[in-house]
Amino acid sequence: MTRFLYFSLTLIFLMLWSSCRKDFEFAPSTGTLQFSKDTVYLDTIFTNIGSSTYNLKVYNKSDNDIVIPNISLKEGFNSLYRLSIDGILGENNGTSGSEGKVFENVEVLAKDSLFIFIETTVDIENQAATANQFLYTDAIEFDTGNNQQTVELVTLVQDAVFIFPDRDNTTKVIDTLTLNIAGELIVTDLQGRELLPDELTFTNEKPYVIYGFATVPPNETLTINAGARVHFHDNSGIIVPNGASININGTFSNDQDLLENEVIFEGDRLEPNFSETTGQWGTIWLLDGSINNTINYATIKNSTIGILSDGNPNETNDKLTITNSQIYNSSSFGILGRNTSISGENVVINNSGLSSFAGTLGGKYNFTHSTLVNYWNNGFRQFPAVLLNNFVLDEDNNASIADLTEANFNNCIIYGNDNPEILLDEIEDDNVVFNFKFTNCLIRFNDTNNNYTGDNYNFDDTLKYERNIFNKEPDFKDTDLNQLMIGEDSAANGEGLAAFSTQVPVDILNTNRTGSPDLGAYQHVAFPEED
């Protein structure tokens, strides 16, 4: 009883004492705040498109609880930046959008910190009438007078050509696409619209930003000039329907960092953290019936499927001719062909969630001096770098089969971080053919458990395999960075057949290969020695 009484009295004393404390009185700040950075770069944004949210951490490392009398943007209520401090939006001057500019009497406990979150949206036309890009700056000011401290804010704003889906003025519903697929009109839930006549040539004057799927009108051609930059929002892409074409006319770039003449397709998130993030947009989809599609010197990155090509397996001119081009960071396939016809030279594909190249439901495929590899490291990968099959399964698991009339890989590198890196998945039928041949390729295929049997994996059959090299190191520069150049120690060095190199006399970097051709899209180079 005595112990309980003592405890109760002590508790009451503490409660009464704490109610009278003046510890939570805050002293004015003295200009000794510390910051996680002295300049916040909001990277590059497109005009009128909101930035990502960036953060700044503010530290009170003193032994005193302090109050910061004023935290505000230097441009005040006119600033195009928006702040929130630990979730608080700040003062409002009575006009729309004025929150997040000025904050008063912000408290920070001793040895504590606060977060400031920063965003911006800028209309470049209100900043520089003739510029395609504009550096917008401001600053966050902490306190005033002698105690004032400043953190700079910097954003590069780019002008762009925006292609949006049409929107019904009454219902505000965004239009969805009806597509002619294999002769049947299919109503889809894909948002988008047909390109207008004055939108059928993409230039390099401004970037293009596409929301939804931009569709080439039937019997028209979308031409994309050298140096163009095409950005896609989430669930967006380009569709080329029956009778239509796409011609991507990039040329060799002397500066391999800037790629000034390359046509580049990527997402619309321009922050460095998104530069190699997979699956940011949809695909370039060549529907059954599209014709004479050509791609030269293009980089297609960060899509779901880089190129999806359907139908037309027996065209005299291949449905798609792709040359000197790179496809990286596709969350499923780099190129997916479905009973189609594709010709590729100096093609480089890497880092695909499923296969880098898949020729399915038969078709016709020819790749020469190409590097078709897969070093996916974002999780489990179900399929190899190169997949060929002659069927497709419906929802009831019934198979439709078709001819694989030809699939030739010549002077190629087919490799990756899995094993094996080719899969030849055939449903045998006397009424269809399954023709393929790998000639003079460097291939990763080491079937230690004898899981792959049958005629398709008889590497002594010269009708299917000839002069190939298996399981020797390609010596790539850096597969994680999609740098697939090969070094002097590569097993592909000097192993190319002249019969194929004369068809493709220069590599993807415009280096002549006819003297001593290597395998793949690149002639070997001497890598700098590491320190």
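D318 and K364 join their side chains in a salt bridge, 3.4 Å from N to O. The term covers a side-chain nitrogen of Lys or Arg within 4 Å of a carboxyl oxygen of Asp or Glu. D318 sits in the loop between strand 25 (305-310) and strand 26 (320-330), and K364 in strand 28 (residues 357-368), so the pair ties together parts that are 46 residues apart in sequence. Strands here are DSSP runs (E, at least two residues), numbered from the N terminus. D318 is buried at 17% relative accessibility. K364 is buried too, at 14%. Buried means under 20% relative accessible area, exposed over 50%, and partly exposed in between (1.4 Å probe, protein chains only).

A word on the model. It is predicted: local features need pLDDT of at least 70, side-chain atom pairs count only at pLDDT 80 or more, and totals for chains, interfaces and linings use all residues. Residues are numbered from 1 along each chain as its sequence is written, and side-chain values use heavy atoms, with hydrogens and water left out.

The whole structure holds 10 salt bridges. One of them pairs R82 with E119, where the closest N and O atoms are 3.4 Å apart. This pair links distant parts of the chain: R82 belongs to strand 6 (residues 81-85) and E119 to strand 8 (residues 112-120), 37 residues apart. R82 is partly exposed, at 29% relative accessibility. E119 is partly exposed as well, with a relative accessible area of 27%.

Next, E271 and R269. Their side chains form a salt bridge of 2.9 Å, N to O. E271 is buried, at 8% relative accessible area. R269, at 35%, counts as partly exposed.

Now a polar contact. The side chains of S29 and D143 are joined at 2.8 Å. Such a contact is a pair of N or O atoms within 3.5 Å; within protein, one must be able to donate a hydrogen and the other to accept it, and residues adjacent in sequence count only if both atoms are side-chain atoms. S29 lies in the loop between strand 1 (27-28) and strand 2 (34-35). Its relative accessible area is 5%, so S29 is buried.

Finally, the surface. E428, D429, D430 and D455 gather there in a patch of negative charge. Patch residues have over 30% relative accessible area and no salt bridge, with like charges joined within 9 Å and nonpolar side chains (Val, Leu, Ile, Met, Phe, Trp, Tyr) within 5 Å. E428 is placed in the loop between strand 35 (422-425) and strand 36 (437-439). With a relative accessible area of 68%, E428 is exposed.

Key: Accessible areas come from the Shrake-Rupley method with a 1.4 Å probe; for residues, only the protein chains shown count as cover. Lys and Arg count as positive and Asp and Glu as negative; His and the chain ends are not counted. The place of a charge is taken as NZ of Lys, CZ of Arg, CG of Asp or CD of Glu. Helices (H or I, at least four residues) and strands (E, at least two) are DSSP runs, numbered from the N terminus.
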